[in-house]
Amino acid sequence: MGNQSVSERRSGFENLRDWLRRLYHGRSRGAQRFQTTMIIVDFVIIAFFIATPVLRDQEAFLWLDYAVAAILLADLTARALASTDVFRWLRQPTVIVDIFILVTLLFPYIFVNLGFLRILRLWTVSRSGALWRPLHRHGLEDWEDAGRAVVNLITFLFVATSFIYTFFFRDGSGLTGYIDALYFTVTSVTTTGYGDIILPGPAGKLTSIVTMLIGISLFVRLAQALFRPHKVTFPCPQCGLSRHDPDAVHCKACGHLLKIPDEGQD
């Protein structure tokens, strides 16, 4: 009976993992509803992260912080159970970032100066397939690269804004200081340079340089995603590479002969 009980528990655990895999990675209507709900929850959490510099002095902040930590912990646990190889899953950059974010949520006052990195959650969400599946369902997969470029740019803008606010504007400035930090970030990234707000000292100049260099790079990446020729989705039979130029004859990864259907043909 003891062996049977162990077998039943193991079977129940595997059933739980299978159920979570279907929820997180499935294509059924129920899985799609769950994934859409999770995306909405993720964006609410990201909005909280963006507003954190302003909310930090509020009485309810700590309760909100721990509530978000509980949600993120539950999500990480479920994703770990849904993975086929937990140790490989733990080595993924997006998972490492999420675990770091969880640590800053559990110890908000110890890691107060690293809280600006929580907005990287937007990047980890963009790396999940669930965010882009609606585009594929509606035949808009060509816009995925542009969407990723937009998300990367927005992520950088708010990470830079929160960093600048934390280290240059935070003391007693509240919402006005955060808006000044966002204004400075946008003017730096766009190289507008009005000069009405500047960061003091060598650290301020170095921050401005880094913000401009990374911002310009992300703008160029966005322009490339918007204006370069779209790629088509056609998995290579040899190596599995799925993105190719519409007129590609050979796979650029392995050289295998491709037979990509011509969309112009009936």
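Helices here (H or I, at least four residues) and strands (E, at least two) are DSSP runs, numbered from the N terminus. You're looking at a predicted model, where local features need pLDDT of at least 70, side-chain atom pairs count only at pLDDT 80 or more, and totals for chains, interfaces and linings use all residues. Residues are numbered from 1 along each chain as its sequence is written, and side-chain values use heavy atoms, with hydrogens and water left out.

**Stop one: a loop residue.** Select Ile 119, in the loop between α5 and α6 (121–126). Ile 119 counts as buried because its relative accessibility is 1% (buried means under 20% relative accessible area, with a 1.4 Å probe and protein chains only). Now show what Ile 119 touches, not counting residues up to four places away in sequence: Phe 49, Ile 50, Thr 155, Phe 158, Val 159 and Ser 162 (contact means heavy atoms within 4.5 Å).

**Stop two: across to α8.** Hop to Thr 155, in helix α8 (residues 144–169). Thr 155 is buried too, at 5% relative accessibility. Beyond residues up to four places away in sequence, Thr 155 touches Ile 119, Leu 120, Leu 122 and Trp 123.

**Stop three: the largest nonpolar core.** Such a core is a set of buried Ala, Val, Leu, Ile, Met, Phe, Trp, Tyr and Cys residues joined through side-chain atoms within 4.5 Å. Select Phe 49, Val 68, Leu 72, Ile 101 and Leu 105: of the 18 residues in the largest core, these touch the most other members. Helices α2 (29–55), α3 (61–82) and α5 (93–106) each supply at least two of its residues, with the largest share, 6 residues, coming from α3.

Notes. Buried < 20%, exposed > 50% of the residue type's maximum accessible area, 1.4 Å probe, protein only.
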